[in-house]
Amino acid sequence: MGGVDLSDQMANVYELDRKSCEWWKKVFVCLLMSAVVNSWIAYSELKHRKTPLLDLIVPLAEALVSYGKLNAQYKRRRGTGRPSKTSRSLLNVGDHLPVTTKTRRHCRTCAQQKKESRTNIMCTMCNVPLCIDCFKPYS
């Protein structure tokens, strides 16, 4: 009984519980923290030194977020209809880069707003022509 209480005590040091969280999310977070604490105990015994639990949690969380970002497939829900190809790529704001091309084309955003604007700047990620003013929110 003492080992279970000690494990729960260590897992609850960095509380991730939210008030409005669904029950299955609470169960998942509890199991995840139990696994992290168990791996921290095994790591500490293997290295024969006491490292803080936070020194294991932070790199683990960063690795999980970067892995999720690389392997995620985004889908936007817009009611009915088929999602466009660009809706997935618009969510990664930092990944859009402007490139100048040889040809001048109509800016997609300005064309949707019925403005006349031609540009030679193209987004590398979604392959869409955008004038420099319309490109600023994505950079």
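Trainee: Which residues does Ser44 touch, not counting residues up to four places away in sequence?

Mentor: This is a predicted model, in which local features need pLDDT of at least 70 and side-chain atom pairs count only at pLDDT 80 or more, while totals for chains, interfaces and linings use all residues. Residues are numbered from 1 along each chain as its sequence is written, and side-chain values use heavy atoms, with hydrogens and water left out. Ser44 lies in helix H2 (residues 23-47), where a helix is a DSSP run of H or I with at least four residues, numbered from the N terminus. Taking contact as heavy atoms within 4.5 Å, and leaving aside residues up to four places away in sequence, the partners of Ser44 are Arg49 and Thr51.

Trainee: Does Ser44 count as buried or exposed?

Mentor: Buried means under 20% relative accessible area, exposed over 50%, and partly exposed in between, using a 1.4 Å probe and protein chains only. Because its relative accessibility is 12%, Ser44 counts as buried.

Trainee: How many disulfides does the structure hold?

Mentor: A disulfide is a pair of cysteine sulfur atoms within 2.5 Å. The cysteine sulfur closest to that of Cys134 belongs to Cys131 and is 3.4 Å away, so the two are too far apart for a bond. For the structure, the number of disulfides is 0.

Trainee: How many residues make up the largest nonpolar core?

Mentor: A nonpolar core is a set of buried Ala, Val, Leu, Ile, Met, Phe, Trp, Tyr and Cys residues joined through side-chain atoms within 4.5 Å. Cys134 counts as buried because its relative accessibility is 14%, and, not counting residues up to four places away in sequence, Cys134 touches Cys107, Thr109 and Cys110. A second, separate core of 8 residues includes Met10, Val36, Trp40 and Leu53. The largest core, whose members include Cys107, Cys110, Val128, Cys134 and Phe135, has 9 residues.

Trainee: What accessible area do Val13, Tyr14, Leu54 and Val58 have together in their nonpolar patch on the surface?

Mentor: Val13 sits in the loop between helix H1 (2-11) and H2, and because its relative accessibility is 52%, Val13 counts as exposed. With areas from the Shrake-Rupley method and a 1.4 Å probe, where for residues only the protein chains shown count as cover, the four residues together have about 310 Å².

Definitions and conventions
Helices (H or I, at least four residues) and strands (E, at least two) are DSSP runs, numbered from the N terminus. Patches are made of residues with over 30% relative accessible area and no salt bridge: like charges are joined within 9 Å, nonpolar side chains (Val, Leu, Ile, Met, Phe, Trp, Tyr) within 5 Å. A salt bridge is a side-chain nitrogen of Lys or Arg within 4 Å of a carboxyl oxygen of Asp or Glu.
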